[in-house]
Amino acid sequence: MLAESLALSAVLFTIGVIGVLTRRNAIIIFMCVELMLNAVNLTFVAFSRYYGAAGQVFVVFVMTVAAAEAAVGLAIIISIFRHRQSVDLQNINLLKG
Amino acid sequence: MMGEHYSLFYMFHFYFFGVVSIASALAFVTRKSPVTAALWLVNTMFSLAALYVLLDAQFIGVMQVLVYAGAIMVVFLFVVMLLNLGHPSEIADGRGKLPVFVAAVIGIAMLAEIMTISRTHIEAHFAVPKGYAVTQMAQYGAVGSVARPLFNEYLLAFELTSVLLLVAIAGAVVLGRRKDANAR
């Protein structure tokens, strides 16, 4: 089941990347990042069957980082929304050179 | 690949949840409304949890449902509700022709790369003995087989995780606070 799991993970990760590149809503882009993290987790779990439980430990770490990232990222989005009244990334070009 | 045989029951459920997760992910990136997209993503995460259980990672499956579907997605939906973004709007649209084309090219290239990598085979001297996960599970239980490496080999990383969470909490509080003085 390793090859199937890795293929599924690749498909999910690619869907996440395409979502990040094509969507403009900042919240949906964040959700696409979560989808990519999930795809990576699937890879870890699939390999942990063959290389020991350390892969599952890494999944726990990835989940922690995802939770921290969601908290900070959504706080940034709320903060941006207060200033701009929008979460459209077309309007957020403060750091553009 | 390891020459393993799986029952038809197992194969059916593996492919079923795989197809469900891909279909939900596709529905997720194509929906206009953020709430609909979030619910499709929850569906993807549930089917991934089922796949984790099929891959002998029951504890991770439970964590997936509790943390991802239960906590993180609720936070996302909470922000969507707070900012009143629940209805489909023009900002949910794609960015035009060129980025979609670039996304398609990058997507196909990455898919090809990772598919090539997934054709790899396990190095025999790295791999744990066959049925290792099942024996670990029988010896230490589903939680214990994850907890033992977590609190032995990866103890330092685990402790640093708490610092990361503390920083994230502090950052969220600082970012979420109103800057103007008369707000409070």
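## A tour of chains A and B

Select chain B to begin, and follow its elements from the N terminus on, where they run α-α-α-α-α-α. This amounts to 6 helices and 0 strands, where helices (H or I, at least four residues) and strands (E, at least two) are DSSP runs, numbered from the N terminus. What you see is a predicted model, in which local features need pLDDT of at least 70 and side-chain atom pairs count only at pLDDT 80 or more, while totals for chains, interfaces and linings use all residues. Residues are numbered from 1 along each chain as its sequence is written, chains are lettered from A and ligands numbered from 1 in the order in which they are written, and side-chain values use heavy atoms, with hydrogens and water left out.

Stay with chain B and colour it by accessibility: of its 184 residues, 32% count as buried, a word that stands for under 20% relative accessible area, with exposed meaning over 50% and partly exposed in between (1.4 Å probe, protein chains only). Among the contacts in chain B between residues at least 6 apart in sequence, 62% join residues at least 24 apart, and contact here means heavy atoms within 4.5 Å.

**Stop 1: where the chains meet**

Now show both chains. How many residues of chain A are in contact with chain B? There are 72 of them, and they meet 84 residues of chain B. The area buried between the two chains is about 6900 Å², of which carbon and sulfur atoms give 76%; buried area is the accessible area (1.4 Å probe) that two parts lose on being put together, summed over both.

Between chain A and chain B, 8 residue pairs are in polar contact, both residues being at pLDDT 80 or more. A polar contact is a pair of N or O atoms within 3.5 Å; within protein, one must be able to donate a hydrogen and the other to accept it, and residues adjacent in sequence count only if both atoms are side-chain atoms. To see which parts of chain A face chain B, select helix H1 (2-22), helix H2 (26-51) and helix H3 (54-84) of chain A, the elements that give two or more residues to that side. H3(A) provides the largest share, 25 residues. Sorted by class, this side of chain A has 53 nonpolar, 12 polar and 7 charged residues, where Ala, Val, Leu, Ile, Met, Phe, Trp, Tyr, Cys and Pro count as nonpolar, Asp, Glu, Lys and Arg as charged, and the others, Gly among them, as polar.

**Stop 2: a charged pair**

Select A:Arg49 and B:Asp56, whose side chains meet in a salt bridge at 3.1 Å, N to O. The term describes a side-chain nitrogen of Lys or Arg within 4 Å of a carboxyl oxygen of Asp or Glu. Side chains of opposite charge can pair when their charged atoms come close. Over all chains, the structure holds 1 salt bridge. A:Arg49 lies in helix H2 of chain A and B:Asp56 in the loop between H2 and H3 of chain B, so the pair joins two chains. Are these residues buried or exposed? A:Arg49 counts as buried at 14% relative accessibility, and B:Asp56 counts as buried at 18%. Look also at the backbone of B:Asp56, where phi is near 65°, a positive value in a residue other than glycine.

**Stop 3: the nonpolar core**

Next, select A:Ile27, A:Met31, B:Phe76 and B:Leu83, the residues with the most contacts inside the largest nonpolar core, which has 62 residues. Such a core is a set of buried Ala, Val, Leu, Ile, Met, Phe, Trp, Tyr and Cys residues joined through side-chain atoms within 4.5 Å. At least two residues of this core come from each of H1, H2 and H3 of chain A and from each of helix H1 (8-30), H2, H3 and helix H5 (132-151) of chain B.

Centre the view on B:Phe76 in helix H3 of chain B, which counts as buried at 0% relative accessibility. Not counting residues up to four places away in sequence, B:Phe76 touches A:Ile27, A:Phe30, A:Met31, A:Glu34, A:Ala70 and A:Leu74.

**Stop 4**

Finish with B:Tyr52, which lies in helix H2 of chain B and is buried, with a relative accessible area of 0%. Leaving aside neighbours within four places in sequence, B:Tyr52 is in contact with residues including A:Asn38, A:Asn41, B:Ile60 and B:Gln64. B:Ser47 is also found in helix H2 of chain B and counts as buried at 2% relative accessibility. With the neighbours within four places again left aside, B:Ser47 is in contact with B:Phe17, B:Val20 and B:Ser21.
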